[in-house]
Amino acid sequence: MAAPPASADAPRSPPAAGDRPARPVAKSEITCEDRSAEALDRLLPPVGTGRAPRKRTTSQCKSEPPLLRTSKRTIYTAGRPPWYNEHGAQSKEAFAIGLGGGSASGKTTVARMIIEALDVPWVVLLSMDSFYKVLTQQQQEQAALNNYNFDHPDAFDFDLIVATLQKLKQGKSVKVPVYDFTTHSRKKDWKTLYGANVIIFEGIMAFADKTLLELLDMKIFVDTDSDIRLVRRLRRDISERGRDIAGVIKQYNKFVKPAFEQYIQPTMRLADIVVPRGSGNTVAIDLIVQHVHSQLEERKLRWDMAALASAHQCHPLPRTLSVLKSTPQVRGMHTIIRDKETSRDEFIFYSKRLMRLLIEHALSFLPFQDCVVQTPQEQDYAGKCYAGKQITGVSILRAGETMEPALRAVCKDVRIGTILIQTNQLTGEPELHYLRLPKDISDDHVILMDCTVSTGAAAMMAVRVLLDHDVPEDKIFLLSLLMAEMGVHSVAYAFPRVRIITTAVDKRVNDLFRIIPGIGNFGDRYFGTDAVPDGSDEEEVASTT
C-alpha cells in the first residue's frame, strides 16, 4: 500500500549538505561551560508546532533509547499476542520502518516521536551508528586527524546490519555492537535487543544497500535544511566529543557534504514519505503513524483492546496452571499476609512458609524416573530419581529474590540467576535493565520466580529472555505466590508449554494494574521500604508483573 506523501502541504527544503551520523543533542545536554556550543544554540530555530508538546517518558530522556517499549494499554488477556500462532511460534514478521536522511537531520528524534505516538506492544529502535566497521591502526590514525570518511557506504558493516535486521524481524534476539565516537572504535560490551512488533531502523545510509532495502516495509526520508544540520553537528561534536570548530568544518567540507550529495540525497527518491523540517513537522509524523497503523491492521498485528480486556472472563483457566490446594492452613496464611494490619515480621514469616510449600509443590512437576537403591539393611528400594540435568532458579528482581532461600532449602546445589525488569512509572512499560544467567542454562529445568503477577507483561518478557538463551519452553516453570487471572491467561496463551504454579489466583486487576483484592506491594511489605509515590503495587505494576 503506497504511503501518502507527507510533504504535500509543505515546501521541500533545499538540498542539504550531509554530515557525520550522530544522535541529535538536546539543548539541555550542552554544558554551560562550552561557550562555543552555546553560541551555536542561538542559530537553531525553535521547534514550534503550535500545540502542546508530546509527553516524554523517563526512558526517552536517557542517552540510550529503551531496548523495548510497550504501551500501557497493552494487556494480553484471552488471546495470545498477535505475533504468536496457536503453537507459540511467531506467525507474523515484525513491521520494519527505515528512517534515512543526512546526519543531524533529526532521524532519531523523529523515530522517538513515532514510537511515542504508536499504540503497539513492542517497538525496538536500531541505529546504524552501531555498525561502523572496526578500523585498522592506520585508519584509526587517519580518523584522529579527521582524514577518514565515515560518510561513505564502505564505512558500514552492511552484512552485519542485514543479519541483525533479519533476526529481529523473525522475533529473535540479537547482539548489537556499541560504538564509541570519541575513540572511533567498538566497545567491548555489546547490547542485546529482543524481537519486536515494530522495528525502526535509522541511519544516513539506511537506503544505500539493496538487500537492506528489501527488509524495510516502509521508508521515510527526513529532510532538514543543511544550515540547521551543520549547526547541530558543530554543537554536538564540540560539546560531546571534544573537537574544535576547525576540525569539524574540515571534515564537513572534505567528506560529509560530498558524501551526502553522492550517496544520501539520491536515496530520497526511494522513500515512501519525505518529512521536511524533521521533528518539527508533527503533521507528517501523524501521517506516518496513521499509515503504520493501517499497515499493522492489514497484517492483523493490532487488535481490539476493549474486547480482549473482557474476553478472559469467558475462558476457563488454562490447563498449564496449577494452584496449590487451598487447605485451611494455606488459606490461613493467605489471610495473614493479605491483612494490611499484619506486622512486617509476621508478613515475612508466613510468606516464607507459603514460598516453601509452593516450591515443593512445583518440584512435583519435574521429570522423575524409576531407580533402585539399597537400604542400610541391604534391601532394594524401588524409588524415583530426578531425570533432568540441572535445576536453575531465576528470580525477577526485586520481589522474586525473596523466593531464592526457599528454593535453596529444597534443591541442593541449585544455580541462581537474576533478571531485573522494572516498570516505567510514567508509561506503565516493563523495561529490561539487568540480566545475569548461569552458563549452559539451555539444558536445565528453570524455575522462574516472581511474587506477584498481575497482567503478565514482565513475566512474558522474562520467558522470552529464557527462550532466547535456548531454554526449551516446556522446561520453564513460572512460580508466583499470587496471580491475577489476566496474568495467567497472558502467559499461558503466549507460551502454552510454560508451567504456571501459584498459591492463589485473584479475579481482577484494576485500572492501575493492581491485583484485586490483592496482597499490596509485596516488595515494600517484605523489605520494609516505602511505597512508590503513587501507591501502586510494585510487583503488580512492574510485572505488568
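Residues are numbered from 1 along each chain as its sequence is written, and side-chain values use heavy atoms, with hydrogens and water left out. Because the model is predicted, local features require a pLDDT of at least 70 and side-chain atom pairs count only at pLDDT 80 or more, whereas totals for chains, interfaces and linings use all residues.

The secondary structure of the chain amounts to 16 helices and 23 strands; both are DSSP runs numbered from the N terminus, helices being H or I with at least four residues and strands being E with at least two. Of the 545 residues in the chain, 55% are buried. Buried denotes a relative accessible area under 20%, exposed over 50%, and partly exposed the range in between, with a 1.4 Å probe and protein chains only. The accessible surface of the chain is about 24,100 Å², and carbon and sulfur atoms account for 51% of this surface; accessible areas come from the Shrake-Rupley method with a 1.4 Å probe, and for residues only the protein chains shown count as cover.

The structure contains 1 disulfide, defined as a pair of cysteine sulfur atoms within 2.5 Å. A disulfide is a covalent bond between the sulfur atoms of two cysteines. Here the link is formed by C371 and C385, with their sulfur atoms 2.1 Å apart. The angle about the S-S bond is 85°, and the link of C371 and C385 is right-handed. Distant parts of the chain are joined by this pair, with C371 in strand β11 (residues 368–374) and C385 in strand β12 (residues 380–386), 14 residues apart. C371 is buried at a relative accessible area of 18%, whereas C385 is partly exposed at 29%. Two further cysteines are buried: C411 has a relative accessible area of 7%, and C451 has a relative accessibility of 0%.

An open sheet is formed by 3 strands in the order β17-β19-β21, with parallel pairing. Strands β17 (452–453) and β21 (505–506) stand at the edges with a single partner strand each, so one side of each lacks a neighbour in the sheet. Strand β19 (residues 482–484) pairs with β21 in the parallel sense over 2 bridges, and M483 has V505 as its bridge partner in β21. Helix α14 (residues 485–494) lies across β17, β19 and β21 and runs at about 80° to β19; axes are lines fitted to C-alpha atoms, for helices over the stretch in contact, and angles run from 0 to 180 degrees between N-to-C directions. Contact means heavy atoms within 4.5 Å.

The structure holds 10 aromatic pairs. The ring centres of Y148 and F150 are 4.8 Å apart with planes at 70°, so this pair is edge-to-face. Rings of Phe, Tyr and Trp (its six-membered ring) pair if their centres lie within 6.5 Å, with planes under 30 degrees apart counted as stacked, over 60 as edge-to-face and the rest as tilted. Y148 is buried, with a relative accessible area of 15%, as is F150, at 1%. One aromatic cluster is formed by Y132, Y148, F150, F156, F158 and Y179.

How values were computed
Two strands pair if DSSP finds at least two bridges between them.
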